[in-house]
Amino acid sequence: MAILITLFPVVKRQTISASLFQSVQRRCKRQLSETEKVTEPPEHEIRVAVAGVGSAVSGMLQAAELYKRGSGTGLLHRVLGPFSPSDISLVAAFDVDERKVGRPVREALQAVPGALPIFTPIKQNLKVEPGLSKNEPASGSPSTKAVSYDSFVSTLEKARPDVLLNAITGGLDSAGEAYAQAALDCGCAFVNATPTPIATSTELETNFRDRRLPLLGDDLLSQIGGTLFHSMVLSVLSSRGVKITQTYQLDVGGGRENEVTVEDDELRLRKRAIKTLTVASVIPYKIKAATGTTEYVDFMGNSRDSRFEIMGESVLGAPIEVEVTLRSVDGANAAGPLLDAVRVAKLCLSKRIGGAIEEVNPYLFKLVRSSVDPVSAERMFNDFIKRVS
Ligand SMILES: NC(=O)c1ccc[n+]([C@@H]2O[C@H](COP(=O)([O-])OP(=O)(O)OC[C@H]3O[C@@H](n4cnc5c(N)ncnc54)[C@H](O)[C@@H]3O)[C@@H](O)[C@H]2O)c1
């Protein structure tokens, strides 16, 4: 039996990004007028500093802005513990791309090709400050502006953040570790959206635990991304008795992060290993699996096609095949999980719960100490929030 699911109507390649964005923008506008007004819970400010003013941060800031204007549609959680997305205040933003440093955040978010388009305007005049650079090869920007560690920490301290969010280009491990150290030195929580092992690094994790500072990571799990969707389809087939024999996933997308991944073999292979492990972990026996970013297509902008194929055997050994194409927008896909991550980080900070938050990380991140299937990860997450709120 062959099942072919295409989640969006097939359109010409050249028009994918424009038509997809227009339709999502139209939907956002409709949501503003159609959805009920969201009741704001009492104000509990969450002071957030970001390293990396790219599409993931753009998604988070735009979703928080949309929520303030009355729409919480599509979010994973409107209210999390005592916090709503409106409680998030951006208090500092750092980047090293000279096209972004020194400009207001709302402009910097649009300064490079492949940026997440503006679905809702952000009123964010805070200026982007120079971040930390460790001269790693995949810097992601043609020319960089950076400062010394001491100068960075002094700027960060003045901003008094509750949470430092690391959303820099993937593969910059030394820079990521330096940001984690800066969070420790400033006494704030750390959220690591990148694939650099930080919450899964024994040494850094111990330091955060000793200081009773929360550590969330590593490698954000997109809200409806290929990895999660692929895992869920495998999980459903397995729970219905299908014996999975093999599966693969091909990801094609625009955006700078895709470009860097395709150019940097080590990063591509690391991301492939993380995604493959996450997907294969939902099946209780060994399967042939391969998933990863396969191609960078500049005209796709911030969008991505994840195409996966699953083969297995059903009753009588009859073959069963599934072919799915998921078309999504990277920055938008990061918004919900990031809004959740910074709110959990603040919640844990206020309760002085330090170290890697193991009940939360498998729900929001791909690289974790021990993999948990998506349904159990969600249950663990919800139980934790109920318990500590
Ligand atoms: N759905 C998602 O967007 C998603 C999902 C999973 C993981 N992630 C991870 O989140 C991170 C950000 O993704 P993105 O799509 O926003 O990337 P992006 O390329 O749009 O933005 C990254 C930003 O980081 C900046 N940067 C690079 N080095 C820096 C440094 N040393 N200090 C400060 N800034 C620096 C770049 O100039 C750029 O502005 C990546 O590591 C990515 O792997 C994103």
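Helix H2 (55–68), strand S3 (88–95), helix H8 (256–263) and helix H10 (330–350) each contribute at least two residues to the shell around the ligand. The largest contribution comes from H10, which gives four residues. The model is a predicted one.

The ligand is surrounded by 36 residues, and the closest of them are Gly52, Gly54, Ala56, Gly131 and Thr194. By class, the shell around the ligand holds 14 nonpolar, 15 polar and seven charged residues. Residues of the shell come from both domain 1 (41–221 + 332–388) and domain 2 (226–330), so the ligand lies between the two domains.

A further feature is a helix pair. Two packed helices are described by the angle between their axes and the distance between the axes. Helix H4 (residues 149–159) packs with helix H5 (residues 173–186) at an angle of about 50 degrees, and their axes are 10 Å apart. Angles from 65 to 115 degrees count as roughly perpendicular and those under 35 degrees as roughly parallel; the angle here makes H4 oblique to H5. The crossing of H4 and H5 is right-handed.

The residues that make the contact are listed by helix below.

| Helix | Residues in the contact |
|---|---|
| H4 | Tyr149, Phe152, Val153, Leu156 and Glu157 |
| H5 | Ala178, Ala182, Asp185 and Cys186 |

Classed by residue type, the contact of H4 with H5 has seven nonpolar and two charged residues, with no polar ones. In the shell around the ligand, by contrast, 15 residues are polar.

Key. Residues numbered from 1 in each chain as written. Predicted model: local features only at pLDDT ≥ 70, side-chain atom pairs only at ≥ 80, totals over all residues. Near = placed C-beta within 6 Å. Nonpolar A, V, L, I, M, F, W, Y, C, P; charged D, E, K, R; others polar. Domains from an automatic or database assignment. Axes fitted to C-alpha atoms, helices over the stretch in contact; angles between N-to-C directions. Parallel < 35°, antiparallel > 145°, perpendicular 65-115°, else oblique. Left-handed = near helix turned anticlockwise from the far one by under 90°. Contact = placed C-beta atoms within 7 Å.
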